[in-house]
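Subject: Structure handover

Dear colleague,

Please find the structure below, together with its sequence. My notes on it come after.

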Amino acid sequence: RGDQLVIESALGRVAVGQYSIGYRYLDALSMFPSAFAQNFFHLSSEKGSISVKRVTQIIGVMLLLGVVAGSTLFFASGFLTVGLLGPSYAVAEELVMIFSIVTVLIFVNAPLATLVQSSSFLKSFLPWGIVNTCLNISLNVLLVPTYGITSAAWVMLCTESTGLLINLYFVKKRVSR
């Protein structure tokens with residue numbers, strides 16, 4: 001929630017409120033991949049239990065579900081912001097659209113993160129995860145004061161993408177052993 005702290009510090013509580021509207025939809029949709037990842041942890045922690053074929057199937061299913069969830073969020077963004085909450089939340093519509101893409105990444109990233117966290121590669125992964133988090137906070141500190149809350153959503157999309165690449169790298173190392 002570093003992005004919200006930066007937004008509040010740079011732009012005030014009203015901006016945090018507007019940002020939070022879009023973020024809550026992302027939170028709600030990310031509960032499914034989070035639950036899946038928690039249920040998947042016990043299986044993924046068994047050595048030799050995850051094949052390339054199984055990982056590919058899981059990524060495919062989660063990608064499909066993420067695209068459905070993200071597309072629904074994207075096309076409903078106007079209704080979910082201005083339609084339900086009124087014209088004072090119009091700025092949140094663009095945020096929800098950006099978060100719809102983030103939703104797809106979260107769906108794919110959740111099982112990959114579980115595979116990495118349940119592996120022997122966790123210690124070598126941690127510095128990369130920390131760098132990605134620091135990148136997120138740094139970009140927010142640099143961009144939010146000048147470009148506003150929309151830049152925080154773009155930063156989230158950027159660092160969720162780099163997080164996906166990092167996870168893919170470590171999952172590939174795990175399954176190619």
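The notes below go from the whole chain to single residues.

Please keep in mind that this is a predicted model.

Overall fold

The protein chain contains eight helices and zero strands. Its order along the sequence is therefore simply α-α-α-α-α-α-α-α. The radius of gyration is 17 Å, close to the 16 Å that the globule rule gives for 177 residues, so the chain is as compact as a globular protein of that length. Taken along the principal axes, the C-alpha atoms fill a box of roughly 55 × 30 × 20 Å.

Of the 177 residues, 44% are buried. If we take the contacts between residues at least 6 apart in sequence, 78% of them join residues at least 24 apart.

Surface and charge

The protein chain exposes about 9400 Å², and carbon and sulfur atoms supply 68% of that area. There are 11 positive and 7 negative side chains. The centres of these two sets lie 19 Å apart.

Cysteines

How many disulfides does a search of the whole structure find? The search finds zero. For cysteine 134, the closest cysteine sulfur is that of cysteine 158, at 14 Å, which is too far for a bond. A disulfide would need the two sulfur atoms within 2.5 Å. Seen from cysteine 158, the closest cysteine sulfur is in turn that of cysteine 134, 14 Å away. Cysteine 134 is partly exposed, at 41% relative accessibility. Cysteine 158 is also partly exposed, with a relative accessible area of 34%.

Alanine 35 sits in helix α3, which covers residues 31-44. Is alanine 35 buried, exposed or partly exposed? With a relative accessible area of 36%, alanine 35 is partly exposed, as the class runs between the 20% limit for buried and the 50% limit for exposed. Alanine 35 and serine 151 are 116 residues apart along the chain, and their C-alpha atoms are separated by 29 Å.

Isoleucine 50 lies in the loop between α3 and α4, the latter being residues 52-75. Isoleucine 50 counts as buried, because its relative accessibility of 11% falls under the 20% cut-off. Along the chain, isoleucine 50 and valine 175 are 125 residues apart, yet 7.0 Å separates their C-alpha atoms.

Alanine 152 belongs to helix α8, residues 149-175. Its relative accessible area is 0%, so alanine 152 is buried. Which residues does alanine 152 touch, leaving out those up to four places away in sequence? They are Ile7, Tyr19, Asn140 and Val144. One of these, tyrosine 19, is 133 residues from alanine 152 along the chain, and the C-alpha atoms of the two are separated by 8.7 Å.

In short, the predicted model is a chain of eight helices and zero strands, with zero disulfides.

Best regards

Technical notes
Residues numbered from 1 in each chain as written. Predicted model: local features only at pLDDT ≥ 70, side-chain atom pairs only at ≥ 80, totals over all residues. Heavy atoms only, no water. Helix = DSSP H or I, 4+ residues; strand = E, 2+ residues; numbered from the N terminus. Rg over C-alpha atoms; globule rule 2.2 N^0.38 Å. Buried < 20%, exposed > 50% of the residue type's maximum accessible area, 1.4 Å probe, protein only. Contact = heavy atoms within 4.5 Å. Areas by Shrake-Rupley, 256 points an atom, 1.4 Å probe, with all protein chains shown as cover. Lys, Arg positive; Asp, Glu negative; His and termini not counted. Charge placed at Lys NZ, Arg CZ, Asp CG, Glu CD.
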